[in-house]
Amino acid sequence: MDTIDDPQELQEAIALSLEGTPAEDKNLKSLIADGLRKKYSCPPLDNMRCTLGETLSMEDARSILFAPHTEELVQDFVNIMEFGPLDDSSKDLMIPWLSLLYLCHTKSCTFGKRFIEVGGLSVLSSLLGHPIDYARSQAFEALYRLTTEDTVDWFADDLSDSFKASLHDVSLNSPLLENISKELLTPSFPSALTLSLQLLGFTLSWVRRWYSNKGRIAVSTGILSALTAVSTNSEATQEEQSLAHTLLSDFGQNVVNHTDGEFSLSFLDGEQVLPSRSVLERAIIAKEEGNGLFKNSNLKAATRRYSYALRLTNACESIEEVRSLRKGVLNNLAITCHRMAGELKNCDAVSICLLLDQALEYADQSLRIDKRQPKPLFVKGRCLFEKSDFEAAAAAFREVHSLVPSDKQVTISLHEIEEKLALVRTADDEKNINPTKGVKGIPSEVQHTAKPFQYQTESVVTRHINSNIVVNPSDKRAAESLKNAGTH
């Protein structure tokens, strides 16, 4: 198997992927190397462009997939895993992605640490429930390697706050325990029981180590039932049954009765250790860094810092100040995604729609914290308008208007949307009468698609939207740029 003619980044990926492969198994080595060469020659470029919402070159795609050696490339790698499709169409994208992650990248401590810091563990915990068996198995293998090998010493006294925050979020605020427990009940791939038991034991031990002041945690009846099922499963190996018995003995003394099928853990009264306040301080710094990047129109980098700040707030959600900080970060993410969509004028509609959907999701998360916020309602209304959902856009702007009724620009914008909505309703009525023709008197852009409206003057709402981002309010150039964020 000769790799001398391969590009350097492909040679390195093949070398890492073949580490640990039995020397005598030449067929397996050739199969792995040939598969990597094929994917390097023809990476899933269109799927990557659609998922990231960017215009990528072939070289860009190869760097993200085979040589993610910078924080930015690692973030792209994670974003593709997070926002890629979850149905059968994901085969061309997710399977090579997870294969490279497990075979190659998780063997690099540098990549592993960056992957963890940008939220990779949280994404992997969700992919443990992927509908495709092979993708699911690779996610289990990758997560097991990142939590049990030399990348990070998760139980070290000097474990950094950023790593604690990443795993805290995964352990307590993600589908991890549910996906592991379901695999224990119904194994779907070879080694599923062993990997699931190892990951469950690691997670419970880690949470007990860092967040219980008396070394005790309580597991739900769902987890207890899953472990009991393995301990009595005749098809499980003796080692698997023994590990299940050990976990039952170690963690089955304190059980919380939740609803049937719930898989979670909790703490006994007064025994939970709250995360360090330094985690909150790091989140504030990350948000401020994102603000500066946004001001300089570096939207992609700003999104990374805001996302990092958001993950840190997950780890210190019990601290009261987090509520306000989390709202601000979510609002800034909504604004940034909306503006990124506005800058993709020449990109395909699917990529633009993906960014608008992300902006809507962030706005909705913020509104679930506090529904009476003009800022996320304003962004939500604009995104819905640009997705041609005029009814919902009008409803969102009516809510904004109810919160700031004296804002003239909001009033003007609301009237504009309602006028377009009336035209569309008229057009729909006319088309019901004669569906083969357009509607006379209705502008063609209203008949077919929405055109983002422009705001000519700064309003209370636009000032409020930008207040968390503009570092220096006297910077008129930045303020004007932000005022028009997200418009075409």
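The model is predicted, so local features need pLDDT of at least 70 and side-chain atom pairs count only at pLDDT 80 or more, while totals for chains, interfaces and linings use all residues. Residues are numbered from 1 along each chain as its sequence is written, and side-chain values use heavy atoms, with hydrogens and water left out.

**Helix 17 and helix 18**

- Helix 17 (residues 322-342) and helix 18 (residues 349-369) have axes that come within 8 Å and cross at roughly 160 degrees; helices here are DSSP runs of H or I, at least four residues, numbered from the N terminus.
- That makes the two helices roughly antiparallel to each other (angles over 145 degrees count as such).

**Largest pocket**

- About 1,000 Å³ of space lies in the largest pocket (a pocket is an open set of points on a 1 Å grid over the protein atoms alone, where a 1.4 Å probe fits, with protein on both sides within 12 Å along at least five of seven lines; lining residues have an atom within 4 Å of a point).
- Of its 42 lining residues, Glu82, Phe83, Val123, Arg311 and Tyr362 are the closest to the centre.
- Helix 17 and helix 18 are among the helices that each supply at least two residues of this lining.
- Helix 5 gives the most to the lining, with eight residues.

Definitions and conventions. Axes fitted to C-alpha atoms, helices over the stretch in contact; angles between N-to-C directions. Parallel < 35°, antiparallel > 145°, perpendicular 65-115°, else oblique. Points joined across faces, edges and corners; volume = space filled by probe spheres on them.
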